[in-house]
Amino acid sequence: SDLPEGILNIEVADSVDNIVIPYFAHTVYFNPSRRVPNATIYMLTAEHTTGPVPRCNNFIKDDSIASCPNAGDYSNSGYDRGHMAPAADMKWSKQAMEESFYMTNICPQIHNINAGDWKDLENLARDMAVNYGSIYICCGPIVTENDTVTIGNERKIRVPSEFFKAFLRRKTDGSWCSIGFIMPNKAGNYPLLSYIVPVDSIENKINFDLFFNLPDSIENEIEANFDIRDWSLK
């Protein structure tokens, strides 16, 4: 009936460096060796898609995390400081807004995707939250062994080759549905439908288990399959 306990928890493979950082409105699974998040997770409600808090634009190091980059590590790198949990989802709370600018929530993104298709996907998430009342979001970078490019002089920050976003929601009949997106970290402008994948495809690439506190029978079904009609997508 109610939300399974800890539905927003993810299970990271033992082989992946990981520090769990529970912020006020989102949780970051931070990778201290890559200096980017493994994933950022949060719930977005219809009420949280608007609010009075202005964008703060103050990218800062989280001093509680020794391996966290500084904002300056991105300077003149050719990459944007790309939010995983976006600032525009945090306008309802000053603390939520400020914490979304911690560098633990940031990845090197090509400007064209940060200001283009990734932003469109963030807008889509807010539309979904309004349509359905609330959705669960898990997003982050996809970093493979072949992704050897780094930025930053003092702290080497790994540049991801792709980004993922997974959505989960409860339908009015009480059942669950999920859908995933994988987007290359390179210039291009494509319909969001062209990025859709089952959540399983994301998990296979990132080596961790999303929404793993759902009962296995439900999790296995919804992560292997999706129906774009469940998400008002055409």
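The model is predicted, so local features need pLDDT of at least 70 and side-chain atom pairs count only at pLDDT 80 or more, while totals for chains, interfaces and linings use all residues. Residues are numbered from 1 along each chain as its sequence is written, and side-chain values use heavy atoms, with hydrogens and water left out.

**Aromatic rings**

Searching the whole structure turns up 9 aromatic pairs (rings of Phe, Tyr and Trp, the last by its six-membered ring, with centres within 6.5 Å; planes under 30 degrees apart are stacked, over 60 edge-to-face, the rest tilted). Two of them are set out here.

| Pair | Centre distance | Plane angle | Type |
|---|---|---|---|
| Y23 and Y102 | 5.3 Å | 25 degrees | stacked |
| W118 and F163 | 5.5 Å | 50 degrees | tilted |

The tyrosine pair links distant parts of the chain: Y23 is in the loop between β2 (19-22) and β3 (27-31), and Y102, 79 residues away, is in the loop between α1 (94-99) and β6 (106-109). Helices (H or I, at least four residues) and strands (E, at least two) are DSSP runs, numbered from the N terminus. Y23 is buried at 12% relative accessible area (buried means under 20%, exposed over 50%, partly exposed in between, with a 1.4 Å probe and protein chains only).

In the other pair, W118 belongs to helix α3 (residues 117-132) and F163 to strand β10, so parts 45 residues apart in sequence get tied together. W118 is buried at 0%, and F163 also counts as buried at 0%.

There's also an aromatic cluster made of Y132, F167, F181 and W231. R169 has its charged end over the ring of Y132, 3.6 Å from the centre, and lies over the face of W231 too, at 5.4 Å from the ring centre. For that call, NZ of Lys or CZ of Arg must be within 6 Å of the ring centre and within 35 degrees of the ring normal.

**Cysteines**

As for disulfides (cysteine sulfur pairs within 2.5 Å), the whole structure has 0. The sulfur of C68 is 12 Å from the closest cysteine sulfur, in C107, which is too far for a bond. C138 is in no disulfide either, with the nearest cysteine sulfur, that of C139, 6.7 Å away. C68 is buried at 0% relative accessible area, and so is C138 at 0%.

**Helix α5**

Which residues of α5 (residues 216-224) are buried? They are E219, I222 and E223.
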